[in-house]
Amino acid sequence: MKVIDILNKKANGELEDGFKFKYDNDTYKYNKKEDEIVSIEHGGCLGNYYIVEGILNNEVEVIEEKKEIEEIPNELINDDWTYYTIKFYKKINELVRAVNKINKERECE
């Protein structure tokens, strides 16, 4: 993703609060309330460190937030399905819970 892509999303109101990316050995985070992109390490806005027009086409490394895998809602599993289909979906939910647990344990390490 390029700096200009991030700024376009910001301008269109599509940039999510807390969006993080790395650029030039610094990590930046979007604060929707203040409507600014701030360096986590130094506290200043992106525009305080760079002439933005000069870095528009530069690539950044997007930092993905780890999100839990969603289970299949019970209301979608109904009596019209066969016994084995219900067991299959319940097993998927069991696996989802196990993966989410492992991911949380890894984050704490």
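In the predicted model, Arg-97 is partly exposed, with a relative accessibility of 43%. The side chain of Arg-97 meets that of Glu-71 in a salt bridge, with an N to O distance of 2.8 Å. This pair connects distant parts of the chain, since Arg-97 belongs to helix H4 (83-108) and Glu-71 to the loop between strand E4 (61-63) and helix H4, 26 residues apart. Glu-71 is likewise partly exposed, its relative accessible area being 35%.

In total, the structure holds three salt bridges. Another of them joins Asp-35 to Lys-10, at 3.7 Å from N to O. Asp-35 is located in the loop between E2 and E3, whereas Lys-10 is part of helix H1 (residues 3-11); the pair therefore ties together parts that are 25 residues apart in sequence. Asp-35 is partly exposed at 40% relative accessibility, and Lys-10 is partly exposed at 23%. A further salt bridge is formed by Lys-91 and Glu-94, whose closest N and O atoms are 3.3 Å apart. These two residues are separated by about one helical turn, because they are three residues apart in helix H4. Relative accessibility is 44% for Lys-91, which counts as partly exposed, and the relative accessible area of Glu-94 is 41%, which is also partly exposed.

Strand E2 (residues 26-31) runs antiparallel to strand E1 (residues 20-23), and four bridges join the two. Within this pairing, Lys-20 stands opposite Lys-29 of E2. The hairpin of E1 and E2 has two residues between its strands, and Asp-24 adopts a positive phi near 55° there. E2 is also joined by four bridges to strand E3 (residues 36-39), again in an antiparallel manner. Here Asn-31 has Glu-36 in E3 as its bridge partner. Four residues lie between the strands of the hairpin of E2 and E3, in which Asp-35 takes a positive phi near 55°.

Tyr-23 lies in strand E1 and Tyr-50 in the loop between helix H2 (46-49) and helix H3 (52-55), so that the pair links distant parts of the chain, 27 residues apart. Tyr-23 counts as buried, at 10% relative accessibility. The rings of Phe-88 and Tyr-89 also form an edge-to-face pair, because their centres are 5.5 Å apart and their planes stand at 75°. Tyr-89 is partly exposed, with a relative accessible area of 25%.

Notes: Residues are numbered from 1 along each chain as its sequence is written. This is a predicted model: local features need pLDDT of at least 70, side-chain atom pairs count only at pLDDT 80 or more; totals for chains, interfaces and linings use all residues. Side-chain values use heavy atoms; hydrogens and water are left out. Two strands pair if DSSP finds at least two bridges between them. Buried means under 20% relative accessible area, exposed over 50%, partly exposed in between (1.4 Å probe, protein chains only). Rings of Phe, Tyr and Trp (its six-membered ring) pair if their centres lie within 6.5 Å; planes under 30 degrees apart count as stacked, over 60 as edge-to-face and the rest as tilted. A salt bridge is a side-chain nitrogen of Lys or Arg within 4 Å of a carboxyl oxygen of Asp or Glu.
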